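Keep the structure in view as you read.

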Amino acid sequence: MVDLHSHTDASDGSDTPFELVDHALRAGVKALAITDHDTLAGYAAAKPYAEEEGLDLLCGIELSTKYLGQTVHLLGYFPGEEPSTEFQDWLVELQDKRRDRNRRLVGNLQRVGVDITLGEVESLGRTMAGRPHFASILVKKKYVKTMQEAFDKYLAESGRAYTERDEVPLDEGIARMRRAGGIPVIAHPVRLGRRTAEEEAEWIEAAVGMGMLGLEVRHSDHDATAVGRYARLAARLGLLTTGGSDYHGAYKPDIRLGTGKNGNVSVPMEWVARLRESCG
Ligand code: AMP
Ligand code: ZN
Ligand code: FE
Ligand code: FE
């Protein structure tokens with residue numbers, strides 16, 4: 001079993017890096033990529049333990065980028081060498097911007113009457129606290145009943161306390177990954193929300209024009225039709241294919257490591273080999 005998309009508590013997953021490695025071993029996952037949002041800290045913490053235990057652990061990341069006014073998740077894989085220090089320094093800048101957004105988001109929530117402090121948020125998510133952590137606090141304090149309601153009422157673009165984050169342009173994200181020796185991959189393309197398959201294909205071709213190298217064909221949000229469509233598109237455009245569950249532990253309890261939602265994710269070992277071959 002293979003899973004190339006997972007999150008630890010270094011970003012917005014609930015498992016510690018060690019728990020995630022244990023979990024993978026128990027579930028029969030042989031190759032795992034940790035793709036935390038904006039940080040490599042979870043991967044770095046898990047790596048020595050994974051090596052000890054014989055789990056093939058790949059270095060990955062997921063960045064939120066902006067293209068044509070839309071937020072686009074960009075996965076990056078570094079199966080060869082670890083990313084350059086230039087890239088890692090740049091991640092620190094992104095983390096600072098996130099912390100600044102979080103500070104402003106706390107202010108905006110307080111202004112609409114929510115009792116919340118930055119300390120509370122960071123006790124859940126530390127330096128990488130994200131909106132899912134805000135959402136779980138809003139649920140815990142009974143401002144809303146569900147995480148989704150927290151987004152709809154407060155945190156999403158249409159929410160009362162929405163706070164913009166300075167997101168990287170998609171082409172810059174791609175270029176920086178390539179320069180750092182990484183493989184940029186479009187995450188869960190189904191969430192791009194294109195109306196037709198033609199529009200979707202055009203969008204993905206534009207990303208290829210920017211240097212995109214891969215497409216996440218399998219994902220917990222992809223049904224069989226979507227998987228077929230993305231597999232054909234990747235073949236036509238010469239893109240690498242990847243896949244994973246997007247496991248977040250207890251924060252997304254219906255998603256299982258290695259197998260996704262109701263077993264809808266299965267990633268061939270061959271895809272890992274190709275990812276490796278294309279590097280360096
Ligand atoms: P952040 O990186 O802190 O801005 O948080 C982004 C994360 O919040 C995403 O990865 C999603 O998991 C979640 N998210 C963003 N928008 C929504 C939404 N409208 N509904 C539910 N979850 C969302
Ligand atoms: Zn996440
Ligand atoms: Fe994502
Ligand atoms: Fe993810």
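## The largest pocket

What volume does the largest pocket have? The answer is about 1,100 Å³. This is a predicted model: local features need pLDDT of at least 70, side-chain atom pairs count only at pLDDT 80 or more, and totals for chains, interfaces and linings use all residues. Residues are numbered from 1 along each chain as its sequence is written, chains are lettered from A and ligands numbered from 1 in the order in which they are written, and side-chain values use heavy atoms, with hydrogens and water left out.

Some terms come first. The search uses a 1 Å grid over the protein atoms alone. A cavity is a set of points where a 1.4 Å probe fits but cannot get out. A pocket is an open set with protein on both sides within 12 Å along at least five of seven lines. Lining residues have an atom within 4 Å of a point. Points are joined across faces, edges and corners, and a volume is the space filled by probe spheres set on them.

## What lines the pocket

The lining of the largest pocket has 37 residues. Nearest its centre lie His73, Arg131, Pro132, Phe151 and Arg191. Two or more lining residues come from each of strand S3 (56–67), strand S4 (70–78), helix H3 (85–111), helix H5 (131–140) and helix H6 (147–155). Helices (H or I, at least four residues) and strands (E, at least two) are DSSP runs, numbered from the N terminus.

By class, the pocket lining has 11 nonpolar, 11 polar and 15 charged residues. Ala, Val, Leu, Ile, Met, Phe, Trp, Tyr, Cys and Pro count as nonpolar; Asp, Glu, Lys and Arg count as charged; the others, Gly among them, are polar. Domain 1 (2–91 + 166–278) and domain 2 (92–155) each give at least three residues to this lining. The domain bounds come from an automatic or database domain assignment.

## Two cavities

How many cavities of 30 Å³ or more does the search find? It finds 2 in the whole structure. The largest cavity has a volume of about 50 Å³. Its lining includes Asp38, Ser64, Leu94 and Lys97. H3 gives the most, with 3 residues. The classes are 2 nonpolar, 1 polar and 6 charged. Where does this cavity lie? Both domain 1 and domain 2 give residues to its lining, so it lies between them.

The second largest cavity holds about 40 Å³ of space. Ser84, Glu86, Phe87, Arg176, Arg179 and Ala180 line it.

## Helix packing

H3 also packs against helix H4 (residues 118–125), at an angle of about 135° with their axes 10 Å apart. Axes are lines fitted to C-alpha atoms, for helices over the stretch in contact, and angles run from 0 to 180 degrees between N-to-C directions. H3 and H4 are therefore oblique to each other. Angles under 35 degrees count as roughly parallel, over 145 as roughly antiparallel, 65 to 115 as roughly perpendicular and the rest as oblique.

Helix H1 (residues 17–27) and helix H2 (residues 41–53) cross at roughly 40°, and their axes come within 8 Å. H1 and H2 are therefore oblique to each other.
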